[in-house]
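Here is a short briefing for a first look at this structure. Please keep the sequence and the 3D view open as you read.

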Amino acid sequence: MAGELSPIDTAKFVAAKRACDFVENGMKVGLGTGSTAAWLVRCLGEMVREDGLLIKGVPTSARTAALARDVGIEVMSLDEAKWLDLTIDGADEFDGDLNLIKGGGGALLQEKIVATASDQMLVIADISKQVDTLGAFPLPVELIPFGWQTSKALIEEMLSAMDVLGQRTSLRMNGDAPFVTDEGNHILDLHLNRIGNARQLAMTLNQIPGIVENGLFMDICDVVVVGYGDGRVEVRDINDGTVQEDRINFVESDNLFFDLMD
Ligand code: 5RP
């Protein structure tokens with residue numbers, strides 16, 4: 001079945017598979033959200049079931065929690081875990097300093113809290129997520145429903161003084177209704193095209209009343225595992241400046257896919 005994966009799914013899968021090498025017995029591991037993180041959860045589940053890997057997972061969303069339980073990973077809350085050895089998550093964009101845009105799946109708040117509570121954050125991504133400058137992907141901002149239109153107006157006013165190429169904002173929808181996060185909040189997507197000073201924008205956004213968190217992850221990610229459609233992977237470590245190249249020779253494994261079947 002693995003042989004039927006599209007190049008993009010192959011890239012996500014091999015990044016996730018290589019990231020499993022960082023996971024050791026006894027670890028408390030933050031589990032990200034999204035399609036790439038779902039591959040990671042499936043791969044870790046297989047290691048738990050078949051190799052006896054002993055880990056506890058702290059999910060970053062209700063859907064990751066459900067998948068983790070489905071594949072056999074013991075799940076605990078961040079309050080139970082308190083501090084994590086490692087968090088592995090996807091990203092919508094990463095730049096050369098491993099700063100990120102996250103939140104395409106609407107889970108940025110828990111993702112940022114969990115990643116920040118970890119000794120190490122590792123991002124898994126296909127090569128299409130790499131950018132020179134952050135901002136082509138709309139920046140998600142989580143805001144509370146109360147007075148969200150006022151918060152939106154304040155954000156737009158603030159953006160006019162920022163080093164960005166676009167200033168349009170849009171409330172994320174789920175069909176006809178506003179999208180609601182696991183925390184009961186809304187997401188405003190900022191269509192900025194290019195963010196000249198991401199650090200300044202991240203800090204300024206969080207000063208606006210009603211904003212809970214933004215999807216810029218600055219100085220949080222330590223390592224990115226980049227996957228390619230032909231099975232190659234690169235492990236880039238921002239702290240020691242190394243790049244390791246590798247190739248994942250995956251064997252067909254129905255067990256990895258059982259949660260995808262009817
Ligand atoms: C969810 C996220 C995801 O990590 C991000 O959207 C990447 O998702 P995918 O792996 O499906 O491309 O931040 O809030």
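This is a predicted model: local features need pLDDT of at least 70, side-chain atom pairs count only at pLDDT 80 or more; totals for chains, interfaces and linings use all residues.

A ligand sits among 16 surrounding residues. An open sheet of eight strands is also present.

**Ligand site**

- Of the 16 residues around the ligand, the closest are Ser35, Thr36, Asp92, Gly103 and Lys129.
- By class, this shell holds two nonpolar, nine polar and five charged residues.
- The side chain of Ser35 places an N or O atom 2.5 Å from an oxygen atom of the ligand.
- Glu111 has a polar side-chain atom 3.1 Å from an oxygen atom of the ligand.
- Gly90 takes part through its backbone: an N or O atom there lies 3.3 Å from a ligand oxygen atom.
- On its own the ligand has 380 Å² of accessible area, and the protein covers 91% of it.

- Lys102 belongs to the loop between β6 (100–101) and α5 (108–116).
- Is Lys102 buried or exposed? Its relative accessible area is 2%, so it is buried, as the cut-off for that is under 20%.
- A polar atom of the Lys102 side chain lies 2.8 Å from the backbone oxygen of Gly90.
- The side chains of Lys102 and Glu111 make a polar contact at 3.1 Å.
- Beyond four places in sequence, Lys102 touches residues including Asp89, Ala91, Asp92, Leu108, Met121, Pro140, Gly215 and Phe217.

- Asn99 lies in the loop between β5 (93–94) and β6.
- Asn99 counts as buried, because its relative accessibility is 4%.
- Which residues touch Asn99, leaving aside neighbours within four places in sequence? They are Glu93, Phe94, Leu134, Arg199, Phe217, Met218 and Asp219.
- Phe217 is a contact of Asn99 and also of Lys102.
- Cys43 is 56 residues from Asn99 along the chain, and their C-alpha atoms are 26 Å apart.

**Helix α7 and Leu201**

- Helix α7 spans residues 198–205 and includes Leu201.
- Leu201 is buried, since its relative accessible area is 1%.
- The buried residues of α7 are Ala198, Leu201, Ala202, Thr204 and Leu205.
- An α-helix has 3.6 residues a turn, so residues three or four places apart point the same way.
- Cover for the buried residues of α7 comes from elements including β8 (139–143), α6 (148–159), β12 (186–191), β13 (211–214) and β14 (216–217).
- Leu201 itself touches Leu139, Met158, Leu159, Met162, Leu192, Ile195 and Leu216, not counting residues up to four places away in sequence.
- Leu216 is 15 residues from Leu201 along the chain, with 8.5 Å between their C-alpha atoms.

**The open sheet**

- In what order do the eight strands lie? They run β3-β2-β1-β4-β7-β15-β16-β17, with mixed pairing.
- β3 (74–75) and β17 (243–247) are the edge strands. Each has a single partner strand, so one side of each lacks a neighbour in the sheet.
- Strands of a sheet pair through backbone hydrogen bonds, either parallel or antiparallel.
- β16 (residues 232–237) and β17 run antiparallel, joined by five bridges.
- Across this pair, Arg232 stands opposite Arg247 in β17.

Methods: Residues are numbered from 1 along each chain as its sequence is written. Side-chain values use heavy atoms; hydrogens and water are left out. A residue is near a molecule or strand if one of its heavy atoms lies within 4 Å of it. A polar contact is a pair of N or O atoms within 3.5 Å; within protein, one must be able to donate a hydrogen and the other to accept it, and residues adjacent in sequence count only if both atoms are side-chain atoms. Accessible areas come from the Shrake-Rupley method with a 1.4 Å probe; for residues, only the protein chains shown count as cover. Ala, Val, Leu, Ile, Met, Phe, Trp, Tyr, Cys and Pro count as nonpolar, Asp, Glu, Lys and Arg as charged, and the others, Gly among them, as polar. Helices (H or I, at least four residues) and strands (E, at least two) are DSSP runs, numbered from the N terminus. Buried means under 20% relative accessible area, exposed over 50%, partly exposed in between (1.4 Å probe, protein chains only). Contact means heavy atoms within 4.5 Å. Two strands pair if DSSP finds at least two bridges between them.
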